[in-house]
Structure formats: structure tokens, C-alpha cells
Amino acid sequence: MPTKFHRWKESITATDIVMWFIGFALLVFIILGSILTLRAGRYTPVQWFDFVIYGLAQGSIYALVAMGYTLVYGVLRMINFAHSEVFMSGPFTAYYVAAYFSRSSLLESHPFICLIIVFIVSMTVSTLIAFLLERIAYRPLRNAPRLIPLITAIGASFTLMYLFRGLFGTGFQAYPVWAVFTGKWALFKGLEIGKIQVFVIFAAALVMITLYLFIQRTRTGKAVRSVSEDKEAASLMGVDIDKTISVTFIIGGAAAGAAGVLYALVFKQVFFMMGFIPGIKAFTAAVLGGIGNIPGAMLGGLLLGLLESLGPSLFLDGYNIAAPYQLKDAIAFLVLVLVLIFRPTGLLGERLAVKKA
Amino acid sequence: MKRSLILFVALFMFMAASIVFAAPPTDPLGVVTIKPGEPIHIAYWFVTAGSDSTLGIDTKRGVEIAIDDIKNNLLGHKIKFDGQDSGCNAEGGQAAATKLASDPTIVAAVGSNCSSEAKPGAPILWNAGIATVSPSNTAPYLTDPKRGSTYDGYLRTAHNDKVQGAVAANFALKSLKVKKAATIHDGSVYAEQLANVFAETFKKNGGTIVAQEAVAPTDTDMKPVLTKIVTAKPEFIYYPIFVAAAGHITRQVKEVSGFEKVYLMSADGAFSVDFYKAAGESAVGMYHSSPDFEAFGKVYEDFIQKHIKKYGEKTLAPFHAHAYDAANLIFKAIEKVAKKEKDGTLYIGRKALRDALYATKNLKGITGNINCNEYGDCADPRIAVYKTSPENVKKLEMPKKSFWKPY
């Protein structure tokens with residue numbers, strides 16, 4: 001026992017102590033703020049419930065996009081910065097289909113058929129873009145030093161962004177309203193829940209579970225996992241590396257395309273730069289959950305959504321800070337820093353540490 | 001006698017020579033020389049991409065019509081009109097201004113659109129000796145006595161928001177008879193200052209500001225911040241922000257329990273057809289403060305006809321007329337200070353041009369009488385309140401008749 005303590009004492013550095021100190025200060029600040037806010041009693045339980053629902057809806061969109069980042073990181077050890085454009089391309093293209101349905105009043109008569117078609121179009125376009133991206137931009141550089149694909153990813157991101165700007169113009173478009181999703185369902189005791197939020201959360205959960213099962217239970221999924229664990233060994237065991245990497249991009253692209261439609265259903269506006277902010281947030285979510293880890297990306301996304309929605313009210317209201325929602329991103333990133341101080345691998349990121357060693 | 005005669009003749013000859021072979025005029029900030037056949041280069045820095053692009057396209061068209069109206073001929077030279085996208089944010093404004101500042105052929109600039117762009121951008125241009133006239137910056141800071149000498153080359157034909165914010169506050173109190181209001185800004189110079197002017201006037205005239213919140217211009221999920229505001233129970237929400245974020249707020253406000261009956265009001269930054277696209281049906285019944293188009297008179301109707309003829313559609317945002325006036329302000333000042341040689345070469349002193357712009361008095365523009373004060377405020381500010389009808393949203397058309405006027 002004393003030796004173990006001794007060794008722990010030896011391994012600790014001044015930096016560690018400072019980081020822990022910062023971490024604890026932030027933690028105390030957050031907890032104290034939350035207590036003060038709750039004691040002030042400004043919000044009713046119904047409003048807290050609303051915050052959670054808004055956060056979960058936003059978070060499940062982040063989670064879907066984050067899966068793309070984490071999957072690609074898993075197999076290629078690179079950050080696919082062009083993934084935010086994969087997210088943009090689907091819903092931006094599918095808008096024109098949705099607008100057509102809206103004009104031809106098909107949207108009113110068959111809302112669900114229209115919705116399914118819009119999903120199919122968006123997911124197909126995003127998948128195709130992700131697939132081509134890997135084929136054209138990343139595969140030729142597979143064996144280049146690490147930084148090169150990273151810079152290529154940034155280049156690809158801009159290329160795609162301005163390609164869509166050239167195709168569909170600089171202005172934005174607004175998705176039509178699906179009448180079936182407007183309004184709320186009344187639950188018990190005055191609790192209400194927006195139909196669109198319910199749909200987004202369930203649809204995202206469905207896509208995530210499907211993809212998760214695909215990766216865990218199928219042969220192809222097994223190949224993806226084996227490549228992410230050890231590329232050479234997998235190749236020696238007869239796994240087709242190129243094909244598996246393509247599959248990874250396809251899965252990520254499909255998730256991003258679905259996330260894009262959900263985003264467009266909630267927020268309506270689509271334009272060529274719409275992917276940038278959700279892309280950064282989803283990347284943050286992937287890091288928060290532990291990059292390379294699929295359940296981690298889901299957890300990170302949901303947590304980030306909740307933080308953005310709840311954080312400013314819960315942590316800062318108690319201190320009477322003016323206009324706390326301006327600090328929404330600051331809070332989200334602060335919590336990211338906090339998590340990385342205590343767990344440098346992210347929330348569920350142990351597997352990565354093992355792999356890297 | 002003889003000696004003085006020689007001296008006199010010599011002096012006369014010297015003077016004659018100096019008139020015939022006039023040396024180019026000098027100017028403390030440099031002189032732009034435009035050779036015969038070369039165009040006079042006037043540049044814009046407008047937001048021409050993204051969700052606020054209607055603002056930039058609308059003002060750009062205003063300048064283009066002004067160029068058409070002088071038959072693209074200023075002192076025998078054509079006008080070259082091009083520019084940079086300024087993105088409606090500080091970084092974009094800085095980048096656009098830096099690009100323009102590096103081009104020595106630019107005589108004067110028109111822009112920017114958003115006040116956030118002008119704050120870093122105008123000093124960069126003036127550092128290069130380029131005076132700029134903005135058709136749509138309205139933040140009070142830009143023409144404030146305390147703004148500093150780096151803004152000496154900056155003027156605007158748009159109204160100052162000290163006027164617009166007060167009109168909105170008085171409208172809420174007198175016409176809607178509300179007592180409790182909330183404001184939302186997006187951290188931009190324009191929105192923050194306008195929301196503050198509104199809040200001050202509203203409080204001074206007997207109302208209560210129950211919440212002052214802020215969002216980021218790129219935020220999409222406004223429901224959490226609206227849920228926070230609903231706890232303060234405002235009857236009126238004033239959010240003088242830009243198209244994308246204003247669209248999100250307008251759409252999401254009715255989804256928050258407790259906001260079923262709240263009045264919504266925004267300002268000229270989100271008063272465009274793109275806003276109707278962004279907000280959809282939910283924009284019906286809301287209010288906007290904006291320049292009063294009815295006060296513009298007969299000239300304005302001609303302008304609209306020219307606009308429809310040239311671009312095949314109606315105007316997109318509120319500042320086309322101000323852009324037209326800004327262009328004319330520059331043309332008149334160039335006419336005043338340019339030195340023309342016999343062969344057509346023009347010399348335009350940069351400091352002289354700036355001084356001539358600032359000295360503009362009683363210029364008859366579409367938006368009224370243009371009188372520039374010592375801080376570059378040139379507008380004849382007349383603000384009205386507009387209400388959005390279902391027709392406006394359906395046809396994507398700006399309301400024609402104002403709903404309320406302070407005068």
C-alpha cells in the first residue's frame with residue numbers, strides 16, 4: 001500500500017496539480033451556480049423538462065453527426081473535417097425535393113411518404129459524397145504522413161462547400177412545414193412535448209441503434225471493428241481494407257444525411273455553410289465522448305445538446321450573469337475542458353488509449 | 001522701369017507656363033490619377049453571400065441604378081463598380097476592407113452593410129485614404145463624437161439607431177400599449193446598440209424591461225433562451241438582429257408555452273424578403289421598424305420602376321434608396337474636387353474628396369435632404385413601423401403601407 005501511494009506521488013507533476021486545481025475550481029463554480037439557480041426557483045419543473053427535451057433533440061442531431069467523425073477516426077486515425085459538408089450536402093439537395101412536394105400539395109396529402117423520400121434523397125446524397133470523398137481525396141494519401149490527409153480534409157471541406165454554393169447559390173432556403181409535426185402532445189400535469197422533438201429523438205435513436213447493431217452484429221461491421229483495432233493484422237486475416245474503409249465512410253455519410261434532414265425539419269434554414277457550426281459541435285461531441293468510440297459519440301452528442309440547452313440557465317442564472325445564452329458555447333467547451341482534465345481520453349475513450357499504445 | 005517690366009513679363013510667363021503645364025495637384029493623403037479612357041473606380045463592401053445577402057444585393061442594385069442615372073459618365077469617365085463580400089461580421093468586414101485598401105485605383109467606397117463590418121473596416125480604408133459612405137450601417141457608435149480620428153473617412157446615408165430604437169420603444173408603449181418588454185441582441189454592434197437605445201427609451205417613457213438577453217448570430221436553437229425569457233413574462237419582444245437568427249426566433253417563439261400572445265418586433269436588419277423565407281408563416285402579424293418609404297415621395301416611385309425594369313423583381317431589403325443616395329453623394333463630391341486636364345486626365349485628392357463629402361449640404365436625395373454633420377451622419381431619418389400580412393409572406397413581398405408613424 002505505501003509503495004503504491006509512493007509511486008503515485010512520484011508520477012504526479014506540477015502541471016497535474018495545476019490542472020486538477022483548475023478542474024476543481026470549475027467544478028465548484030458549476031455546482032455552486034446550479035445550487036443557487038435551483039434555490040432561486042425561477043423555473044418551474046415543466047420548464048426544466050422543456051430544457052431537457054430541447055437539449056435531447058439538439059443533442060441527438062449532434063450525436064448522429066459525431067458518429068461519422070468517430071467512425072472515420074477509428075479506422076483512419078484522422079479527423080475528417082469535410083464531414084460537416086457531408087452533413088450539409090444531403091439536406092441542401094433534398095430541399096429541392098421537399099419544395100417540389102410542398103408546391104404540388106403532395107406534402108399535405110401524403111406527409112409520411114414525402115418525408116421518407118426526403119430522407120432517402122438526403123441520405124443517398126450524403127452517402128455518395130462521403131464515399132467519393134474517401135475515394136478521391138483520402139485513399140491516394142492513405143500512406144502519406146498523418147498531417148497530409150488532415151490538410152486534404154480541410155481542402156475537401158472548402159471544395160464541397162463552394163461546389164454547393166456554385167450549384168445552389170449563396171442564399172439560404174427554408175424547408176416547408178410538415179403539418180403533422182407542428183403542435184404538442186399534452187402529457188400529465190401540464191407537461192407538454194413538441195411533436196417534432198419526439199420525432200427527432202426517436203428517429204435519431206433508431207438510426208443510431210441500427211448503425212450500432214450493424215457494426216456490432218454483422219460480418220461487415222466486424223471487419224470495420226477489426227480494421228479500427230489493427231489495420232495490418234486485419235489485412236493479414238483477409239479483411240479487404242479498402243472496402244472496409246469505404247463502408248465506414250458510407251455509414252458515417254448515411255448518419256449525417258439523416259441528421260441533416262432532422263436538423264432541417266427543426267430549424268428549416270439550409271444553405272451552403274450550414275454544416276460548419278454543427279460540424280464543429282459534433283466533433284466536440286465525439287471528443288467529449290472519447291473519439292473512436294461509437295457509444296461515446298452518442299453520449300457526447302446528447303451531453304453537449306443538454307449542456308447547451310440547460311447550461312446557461314442552470315449554471316449561470318444563480319450568479320445573475322446578464323444574457324447567459326451568449327455564453328452557451330463557452331459553457332459547452334468549458335465542460336469539454338473539464339472532462340479532458342479528469343479524463344484525457346474522453347468519457348468512454350479507454351479503448352483508444354489501449355489501441356494507441 | 002525697364003527692369004520691372006522684364007520682371008513682370010517673366011512672372012507672367014511663369015504663371016502662363018504653370019497653367020499650361022499644371023503640375024498634378026497635391027493632397028496630404030495622395031492623389032488618384034485617372035488617365036483618359038480609364039474608369040473611375042468605386043468599390044463596394046457589401047454582404048453578398050449567406051443569409052444576409054439580400055441586404056447586400058439590394059444596396060448594390062441601388063448604386064447600379066445611380067450609375068445608370070448619370071449614364072455611366074462622370075466627368076467624361078466611366079465608372080468601374082466592383083467590390084468584396086463582407087459577410088455581415090467583423091472578420092468579414094476587416095477582410096473586405098483590407099482587400100479594398102490594397103487597391104490604389106479605388107477613389108471611394110460604398111459600404112459596409114452591417115455595423116459590425118464597419119467598426120474594424122472603416123479605419124482600415126481610411127488608413128489607405130479611402131473614404132467610405134455606408135447606405136445601411138445604423139449603429140450609433142460609428143458617428144459618435146467619441147469614435148476617434150480613425151473613422152474620419154466614414155459617412156453614412158442610413159439613419160442613426162438613436163432614432164430607430166426610440167421609434168420602436170414609443171410604438172410599443174403608445175400603439176400596442178405594452179408595459180413589459182424583453183430585448184434580444186446577437187452581440188453585433190448594430191443589434192446591441194439598437195436594443196440598448198430601445199431599452200433606455202422604453203424605461204424613460206414608463207415601461208419596464210423585464211429581460212435583456214443575447215444569442216449568437218449562428219445559433220439555431222432559440223427555445224432555451226426563449227424559455228428563460230418567458231419566466232420574466234414580457235408582453236413584447238424586441239429582437240433587432242439579422243435574418244437567420246431572427247427567423248429562428250420568430251419560428252420558435254410560439255413553441256414555447258406562455259408566449260402564445262406575445263407581440264414580436266424586429267428592425268431593419270431583418271426586414272427583407274429573405275426574412276419572410278426564413279420565418280415563414282410565423283412572421284405574420286409581427287412588426288418591423290424601417291425607413292419610411294412613403295416619405296420618399298415621387299422620385300422613389302421612379303426608382304422602383306427602374307429597379308423592376310432592370311432586375312425583373314421588386315426591391316429586396318430597405319436600403320436601396322440609401323445606397324442610391326450614397327452613390328450620388330460620392331459622385332457630387334468627385335465632381336466638386338476633381339481637377340481635369342485638357343486631355344481628360346482627372347486628379348482626385350483623397351483628403352479633398354473626404355472634405356467635400358463631409359461638406360455636403362442640402363443634397364436632394366431619394367431618402368430626403370442629405371446634410372452631413374461633422375461626424376458623418378448624413379441621413380434625413382424618417383422611421384416607420386411595418387406590419388407583416390399573410391400576403392407578404394406568401395408572395396415574398398415587402399409591405400407597402402406603413403402601420404404606424406411617430407409623426
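Visitor: How many positive and negative side chains does chain A have?
Guide: This is a predicted model. In it, chain A carries 28 positive side chains and 16 negative ones.
Visitor: And how far apart are the centres of the two sets?
Guide: The two centres lie 3 Å apart.
Visitor: Now the fold. What does the secondary structure of chain A come to?
Guide: Chain A has 15 helices and 4 strands. Its radius of gyration is 22 Å, close to the 21 Å given by the globule rule for 357 residues, so chain A is as compact as a globular protein of that length.
Visitor: What does the C-alpha trace span along its principal axes?
Guide: For chain A the spans are about 75 × 60 × 40 Å.
Visitor: How much of chain A counts as buried?
Guide: Of its 357 residues, 52% count as buried. As for the surface, chain A exposes about 16800 Å², and carbon and sulfur atoms supply 71% of that area.
Visitor: Let us turn to chain B. In what order do the strands of the open sheet stand?
Guide: The order is β1-β13-β12, with antiparallel pairing among these 3 strands of chain B.
Visitor: Which strands are at the edges?
Guide: They are β1 (31–34) and β12 (339–340) of chain B. Each has a single partner strand, so one side of each is left without a neighbour in the sheet.
Visitor: Over how many bridges do β12(B) and β13 of chain B pair?
Guide: They pair over 2 bridges, and β13 comprises residues 346–349. B:K339 stands opposite B:Y347 in β13(B).

Terms used
Residues are numbered from 1 along each chain as its sequence is written. Chains are lettered from A and ligands numbered from 1 in the order in which they are written. This is a predicted model: local features need pLDDT of at least 70, side-chain atom pairs count only at pLDDT 80 or more; totals for chains, interfaces and linings use all residues. Side-chain values use heavy atoms; hydrogens and water are left out. The radius of gyration is taken over C-alpha atoms; the globule rule is 2.2 Å times the number of residues to the power 0.38. Buried means under 20% relative accessible area, exposed over 50%, partly exposed in between (1.4 Å probe, protein chains only). Accessible areas come from the Shrake-Rupley method with a 1.4 Å probe; for residues, only the protein chains shown count as cover. Lys and Arg count as positive and Asp and Glu as negative; His and the chain ends are not counted. The place of a charge is taken as NZ of Lys, CZ of Arg, CG of Asp or CD of Glu. Two strands pair if DSSP finds at least two bridges between them.
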